[in-house]
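Biologist: Could you take a close look at the aromatic rings here and walk me through how they pair up?

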Amino acid sequence: MLQQWQKQPELRWVVGMASAFFVVLSAIALHRYYNFYPTYVAFDQGIFNQVFWNGLHGRFFQSSLSSTLSAAVTQDGQVPEVFYHRLGQHFTPALMLWLPIYALFPSPALLSVLQVALMTAAGLVLYALARHYHNPPLAVMIAASFYGAAAVIGPTVANFHDLCQIPLFIFGLLLVMEKRWWWLFWLLAGLTLLVREDAGVVLFSVGFYLAVSRRHLRAGLGVCALSVAYILLVTNWAMPLFSPDISRRFMVEQFGHFIGNQEASSLQVIGAIATQPLRLIQEVITPVDRTISYLLAHWLPLAFVPAVAPTAWLVAGFPLLQNFMRQDPTALSIDLRYALTVIPGFFYGAVLWWAKHPGAFTRRFRRFWIFCLSVSLILTIVSNPNRALSFLIPDSFQPWVYSAPQAQWQHAAAIRGLMAQIPTDASVSATTHIVPHLSNRREIVRFPALQVRNDARAVVSVDYVILDFQQLRQYQVVFDDDRLLLKTMVPVVDRLLADRSYGLVGFRDGVLLMQRSASSDAITTTPWSTFRQELEPILRQPD
């Protein structure tokens with residue numbers, strides 16, 4: 001084994017890159033998590049953690065946090081339910097593959113490390129796939145491009161999401177296809193479908209390539225048929241068994257511009273898209289600047305090879321089209337989860353392009369490739385993906401907004417000190433970035449929600465409320481959402497304290513803790529009143 005290792009210095013390079021990727025990105029993700037750096041998708045970390053935690057207790061895919069996003073709550077004004085099944089929003093059975101690992105360390109932090117581990121493993125499988133066609137130096141460059149891609153690093157340091165499984169499953173599927181291990185091919189195809197209800201679009205694109213290229217016509221047609229059947233069956237039959245959210249919320253939010261923002265099934269959405277070809281072309285092309293920058297960000301670490309690789313367009317085509325069609329503002333964000341659906345197609349396309357153009361791998365092109373990869377890394381770091389590098393890079397230069405690590409550590413200590421006063425079985429309402437840290441419980445919602453329907457089907461008010469006003473005050477000068485949230489939260493707190501439904505039992509560094517039916521602590525009330533007065537100029541600003 002040692003001799004084989006010594007004879008393959010390129011393998012040492014790849015293992016070294018993978019190890020560095022895992023260690024550095026795990027450290028960044030954990031640093032942000034434990035120090036409460038705010039992020040756009042922090043709430044999702046709480047949802048997934050509560051889903052896993054409930055799974056450990058036999059209540060699979062239930063989540064009160066996910067319930068707060070349901071149409072029953074957001075549109076009908078109902079109270080979030082602890083027994084709400086998230087499968088009505090996103091059909092994600094593959095998550096349970098990782099439940100035994102989560103059981104070893106049941107914490108949201110484990111999910112961050114798990115995500116980095118899955119992406120690290122995907123890079124190693126990609127290297128094996130590249131080695132099937134290429135000599136070690138070229139395969140190493142392809143693996144390096146993966147570990148240095150903005151579309152890989154950004155989503156990996158984001159909060160945990162289900163699509164982090166896609167690169168590993170699809171690269172594995174393509175590798176075993178090359179080896180003609182068909183039983184494993186179909187197993188990985190099934191696992192891909194179980195990732196999420198729309199993961200079938202990625203798999204369909206693979207089948208489309210196999211059929212059109214006639215490499216494996218029958219397998220390709222079978223994959224396409226399986227993908228379409230699965231998507232239609234799950235979205236039109238399985239998911240509605242749990243809730244009507246797929247048609248009432250998600251189809252409207254993602255593709256409402258095709259259906260006039262009316263409730264619709266996935267079949268109706270497909271029909272609406274098919275009958276509006278001009279609208280489809282418009283959605284693909286516009287906005288032109290975002291479309292071009294999104295593609296360039298994907299191509300840059302691979303020295304733009306996917307742009308001229310026909311296979312890349314075939315394998316990445318349908319998930320890319322889906323991202324272009326979404327009206328979700330995050331769909332074309334290179335550092336969020338949807339970018340991972342495109343990654344396998346572009347990288348596999350590059351692998352096959354190099355197989356047909358081996359002579360292009362000259363010393364001059366290698367230097368250009370390294371330059372492109374370096375630029376990709378620099379741009380990724382400077383962009384501060386998902387605010388994971390806010391301890392190094394300011395969130396804004398004009399106006400200046402920066403939280404030095406020491407200040408953020410002290411602020412995190414204040415949050416943890418107040419969280420320690422909350423019993424592990426108490427119900428809680430919390431600010432978004434605090435939610436994940438308290439999500440190992442049955443009853444938790446995001447403020448300003450204050451009620452939940454418990455297992456006895458009774459509507460109850462939460463026992464504790466913990467809110468971080470300091471983070472909102474600091475970032476509201478840059479982020480409009482933070483300012484609006486601050487202006488929404490303060491009047492609610494004023495009302496709760498005025499009618500004495502909640503008492504103020506803790507206040508540190510702009511973080512407030514209230515307990516239901518408790519008397520306010522006189523020592524705590526004075527600093528809160530002073531802080532409250534400091535917020536008044538912000539509250540008076542026009543929207």
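Modeller: Let's start with a cluster: Trp 353, Trp 354, Phe 361, Phe 365, Phe 368 and Trp 369 are joined by ring pairs. Rings of Phe, Tyr and Trp (its six-membered ring) pair if their centres lie within 6.5 Å; planes under 30 degrees apart are called stacked, over 60 edge-to-face, and the rest tilted. Keep in mind that this is a predicted model, where local features need pLDDT of at least 70, side-chain atom pairs count only at pLDDT 80 or more, and totals for chains, interfaces and linings use all residues. Residues are numbered from 1 along each chain as its sequence is written, and side-chain values use heavy atoms, with hydrogens and water left out.

By that pairing rule, you get 32 aromatic pairs. One of them is Phe 52 with Phe 160, edge-to-face, with 6.2 Å from centre to centre and 75 degrees between the planes. This pair links distant parts of the chain, 108 residues apart: Phe 52 belongs to helix 3 (residues 42-56), while Phe 160 is in the loop between helix 9 (150-157) and helix 10 (166-179). Helices here are DSSP runs (H or I, at least four residues), numbered from the N terminus. Both Phe 52 and Phe 160 are buried, meaning under 20% relative accessible area, with exposed over 50% and partly exposed in between (1.4 Å probe, protein chains only).

Now look at Phe 208 and Phe 318: their ring centres are 5.1 Å apart and their planes sit at 80 degrees, so this pair is edge-to-face. Phe 208 is partly exposed, at 29% relative accessible area, and Phe 318 is partly exposed at 28%.

Conventions: Helices (H or I, at least four residues) and strands (E, at least two) are DSSP runs, numbered from the N terminus.
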